[in-house]
Amino acid sequence: MKKIYFILTLLVIYFLPFSVTEASMGRNTLLFVPLDNRPVCLDYAVETMKAAGWNVETPPLEYIAGNDHSGNPDKLYEWLAARSATANAIVISSDALIYGGLVDSRTHQLPQDILTSRAERLLNLKSLGGDPLVYVFTTIMRSPKASSAPVEPAYYAEWGPKLFRMGVLEDKLDLKEISRKERKELSGLKVEIPRAVQEDRARRRSLNIATTELLLHGVESGNFDYLLIGRDDTAPYSQAHKEARKMDILVRELPKEKIRFFSGADQLGLLLLSRAASRVSYEIPMVYVDFAEGKGGETIPAYEDDEIAFSAAEHIHAAGGWPTANLARADLVLAVNTPFDGVTVEASNPKNTGTITEHTEKFVADVKRYLKQGKAVAVADIAYGNGADNALVRKLFEEEVAEKLAAYGGWNTAGNTLGFALGQGLLSKSMDTADLQSLLEIRYLDDWAYQANVRNKTYVELIWPNYWPNSGLNTQQVQEAEAVITKDILEIAEPVLGAKVSSYNFTLPWKRMFEVEVSKKAGTFLEKG
């Protein structure tokens, strides 16, 4: 036993490039450049750190990518350069500082020399002074099954599904797992899809991979204290999976304590902010992971290509923690709600009825048991994609444990949910009760009330009958949609969360239905300022 603790102490001393004296001086400033200004990437992450007592500085909004403008890599770098000496750590999105943002990384027409020069200046961040920790997160371009402008090149509106299918077959071909029938299908797709579309797709993906490979030098040279690579929206067979497999060969040559590579994109910023907080505080929190019964940790969620058990362990390491199989040692229990059969369908699926099953009861009973033992518990609800498990949320509130959690997440992809629940859970120990409750309420209102219920209801009753677009709503359409969304969220959430629901605003910051922003009204905690 003593030997284990001695080894852990050595690990702490070896991997934390600062002294206890420095950490205790009260310098708790983190510089943060997000992927873009979506709530999950910017506001929610900053609010979490603020609630945990951290001073997080972000660039002016006009420099950060939004729904109606690209980010400005040069201005973002100038902002960093002017402030780096004042910070304990810098947490930055390379997509923002190289391309302008996540969407720009998929749609840009930038030449290789500009991409190279922007990547190389990131490698020199430590030379700007102050010797902050430098944490960088980047993404492998996703392989969407269907999408369109402005979040993908315009031709995806027509060719998106067939481009995805071509990527699946090319991946199988590369793995030598393709059938004769599939070879014929692949040949047909290469004839059918316009050559210009194929070339544009291949050129941009090739440039992005080459640029990411340049960033790996930051790990080798020590210019980056940590590099986190995310696979944005992938699948067991896809173009992104094919590229990731080749990238993984390079990643394996680098020290695991300085680099991780797994599914997801939007959660990466908060994960590295959490890592920065633990390192500056001279801590390595221990995390015990428990999965729901059934397929459990062997589940491969939709939009991802790894088993969730592997993904959970990788997320813990990236967030600055350490997985433990010993519950007694755990600082946090990460309880992962997986579907019994391991198939993660959409939260809008009729299957998500809210009917409480024996599977749900057992999972909540385990959560209650951990809470009774005095453990902080974060629930990662990944039973469905793009929204919460209605039965789980209902049961958590019925058993009066929903508001006793250290964190809850149930949004978008499994990796997004896992990363946010873990990051907020690890930071919860530094939050007071009011702040923690506000963060929990936001997640229930966003992930459960909106994403699992109100979003699809609004599609069915407002968007589709009026032939409105899912994205690119005009000002009047946004106002009408927000009014309907607010009414419906109040109707579904007030009976569960109470009158506090009326203290929140519900808006569509990107003028599309995919995400809502839940923010406190003026005069209440965590209001936008």
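Which residue forms a salt bridge with E185, and how far apart are the closest N and O atoms? The partner is R165, and the closest N and O atoms are 2.9 Å apart. Here a salt bridge is a side-chain nitrogen of Lys or Arg within 4 Å of a carboxyl oxygen of Asp or Glu.

Before going on, note that this is a predicted model, in which local features need pLDDT of at least 70, side-chain atom pairs count only at pLDDT 80 or more, and totals for chains, interfaces and linings use all residues. Residues are numbered from 1 along each chain as its sequence is written, and side-chain values use heavy atoms, leaving out hydrogens and water.

**Salt bridges**

Side chains of opposite charge can pair when their charged atoms come close.

| E185 | R165 | 2.9 Å |

Helices (H or I, at least four residues) and strands (E, at least two) are DSSP runs, numbered from the N terminus. E185 is partly exposed, with a relative accessible area of 31%, and R165 is partly exposed at 28%. By contrast, E182 and K172 are both buried. On this scale buried means under 20% relative accessible area, exposed over 50%, and partly exposed in between (1.4 Å probe, protein chains only).

E461 and K457 both lie in helix α17 (residues 433-463), four residues apart, or about one turn of the helix. Salt bridges with shared partners join K457, E461, K487, D488 and E491 into one network.

**Aromatic rings**

Rings of Phe, Tyr and Trp (its six-membered ring) pair if their centres lie within 6.5 Å; planes under 30 degrees apart count as stacked, over 60 as edge-to-face and the rest as tilted. The count comes to seven aromatic pairs. The ring centres of Y155 and Y156 are 5.6 Å apart and their planes are at 25 degrees, so that pair is stacked. Y288 and Y370 are edge-to-face, at 6.2 Å centre to centre and 65 degrees between the planes. Y288 sits in strand β7 (residues 286-291) and Y370 in helix α14 (residues 358-372), so parts 82 residues apart in sequence are tied together. Y370 is buried, with a relative accessible area of 3%.
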